[in-house]
Amino acid sequence: MTVTSPAAHRTHRTHRPAPAFRGRIGSDARSGHYAVAGRYRLHLSTACPDGLRIAVTHGLLGLDSVCPATFLPAVPDSPDGGHSALRPLYEASAHRYSGPAVAPVLSDDWSGRIVSTHAPDIMRDLDRRFGGDRLPLYPCGTEAKIEAVERMCAQGIEQAAQRAGSSGGEPVERDMALTALLETLGALERRLAGRTYLIRDEITAADVELWVALVQLDLVHRNHLDASAVRRIADHPTLWAYARRLTAHPAFGRHLDLTGIARRHHARCHGLEAAGAAVPILDWAAHSTR
């Protein structure tokens with residue numbers, strides 16, 4: 001297992017923190033962490049984008065009894081930005097661990113230690129080791145396409161939206177970031193034309209990734225954009241209709257904690273609110289099955 005130093009948890013506002021643990025669930029006993037129903041547990045905050053991604057994946061795969069999930073508060077309760085409930089797991093897993101006890105976490109109930117804090121690995125292992133006869137979320141031959149969507153969401157939506165709404169950036173930089181964001185949304189709009197899902201005729205991990213990115217764009221990043229920018233973002237009817245359809249799916253909508261996302265954003269954000277905060281794009285509550 002790979003354990004990073006506590007310094008790796010210092011986050012840049014446009015990048016996810018480096019994972020502290022990178023263990024994997026293997027296919028047999030030789031792998032150490034092998035797939036056994038009831039052995040592993042998820043620790044998630046669905047107000048966090050990675051926690052929401054894993055929760056939706058967990059729900060789509062129907063793993064409530066196979067790999068139980070413990071849900072954490074929207075706002076971490078430790079001064080360092082971690083969850084006090086996770087501190088014993090971190091301390092048992094790394095000698096003199098001094099970084100924040102952050103979620104998400106996949107833990108091993110047999111050893112009382114952490115397997116992984118890396119969301120992409122956790123999602124893939126849940127699908128490949130516990131998915132059973134259900135339609136896979138990472139079908140054979142789609143990995144490159146799913147990774148491309150992950151990059152598009154991270155760079156073209158999340159990071160671009162953050163830069164476009166940055167109060168410290170130069171106007172030309174914000175304009176360039178908004179252009180990149182709109183180009184990404186336009187490409188996705190065209191890709192979804194005449195389609196129900198993003199890369200196949202059934203839900204894949206690419207749809208989970210894009211849905212969470214759209215949730216964050218509307219509920220978080222929109223608050224720091226001007227009204228004109230938000231209206232241009234909203235002017236992608238196929239894309240937002242797609243987001244609305246997925247929100248009505250139980251595995252998506254029941255994990256959408258609107259209040260929690262707002263609380264987490266207000267607790268973490270030090271940016272200035274802009275006029276776009278008053279221009280909501282989607283009525284998530286109206287379509288959620290939560």
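pLDDT is the predictor's confidence in each residue, on a scale from 0 to 100. This structure is a predicted model, and the mean pLDDT of the protein is 91. Over residues 5–14, however, pLDDT stays under 50. The protein has 290 residues, of which 52% count as buried, and its secondary structure comes to 11 helices and 4 strands.

**Confidence**

- A pLDDT of 70 or more is reached by 93% of the residues of the protein.
- For residues 5–14, where pLDDT stays under 50, the model has 16 contacts beyond four places in sequence.
- Where pLDDT is low, predicted coordinates should not be read in detail.

**Overall form**

- The radius of gyration of the protein is 19 Å, which agrees with the value near 19 Å that a compact globule of 290 residues would have.
- Taken along the principal axes, the box filled by the C-alpha atoms is roughly 55 × 45 × 30 Å.
- Among contacts between residues at least 6 apart in sequence, 70% join residues at least 24 apart.

**Helices α1 and α3**

- Helix α1 covers residues 49–61 and helix α3 covers residues 119–130; their axes come within 10 Å and cross at roughly 0°.
- Angles under 35 degrees count as roughly parallel, so α1 is roughly parallel to α3.
- On the α1 side, the contact is made by Asp50, Arg53, Ile54, Thr57 and Leu61.
- On the α3 side, Ala119, Ile122, Met123, Leu126 and Asp127 make the contact.
- By class, this contact of α1 with α3 has 6 nonpolar, 1 polar and 3 charged residues.

**The loop between α2 and β3**

- Proline 104 is placed in the loop between α2 (87–93) and β3 (105–108).
- The peptide bond from alanine 103 to proline 104 is cis, and its omega is near 5°.
- Arginine 96 also has its place in the loop between α2 and β3.
- Although arginine 96 is not a glycine, it has a positive phi of about 55°.
- Arginine 96 counts as exposed because its relative accessibility is 74%, and exposed means over 50%.

- Cysteine 48 lies in the loop between β1 (40–44) and α1.
- With 13% relative accessibility, cysteine 48 counts as buried, since the cut-off for buried is under 20%.
- Cysteine 48 and isoleucine 261 are 213 residues apart along the chain, and their C-alpha atoms are separated by 7.2 Å.
- Cysteine 67 is found in the loop between α1 and β2 (69–71).
- The relative accessibility of cysteine 67 is 1%, so cysteine 67 counts as buried.
- Leaving aside neighbours within four places in sequence, cysteine 67 is in contact with Tyr40, Arg41, Leu42, His58, Leu106 and Leu126.

**Histidine 221**

- The loop between α6 (205–219) and α7 (227–234) holds histidine 221.
- Histidine 221 has a relative accessible area of 8% and is therefore buried.
- Not counting residues up to four places away in sequence, histidine 221 touches Glu158, Ala161, Gln162 and Gln216.

Terms used. Residues are numbered from 1 along each chain as its sequence is written. This is a predicted model: local features need pLDDT of at least 70, side-chain atom pairs count only at pLDDT 80 or more; totals for chains, interfaces and linings use all residues. Side-chain values use heavy atoms; hydrogens and water are left out. Contact means heavy atoms within 4.5 Å. Axes are lines fitted to C-alpha atoms, for helices over the stretch in contact, and angles run from 0 to 180 degrees between N-to-C directions. Helices (H or I, at least four residues) and strands (E, at least two) are DSSP runs, numbered from the N terminus. Angles under 35 degrees count as roughly parallel, over 145 as roughly antiparallel, 65 to 115 as roughly perpendicular and the rest as oblique. Ala, Val, Leu, Ile, Met, Phe, Trp, Tyr, Cys and Pro count as nonpolar, Asp, Glu, Lys and Arg as charged, and the others, Gly among them, as polar. The radius of gyration is taken over C-alpha atoms; the globule rule is 2.2 Å times the number of residues to the power 0.38. Buried means under 20% relative accessible area, exposed over 50%, partly exposed in between (1.4 Å probe, protein chains only).
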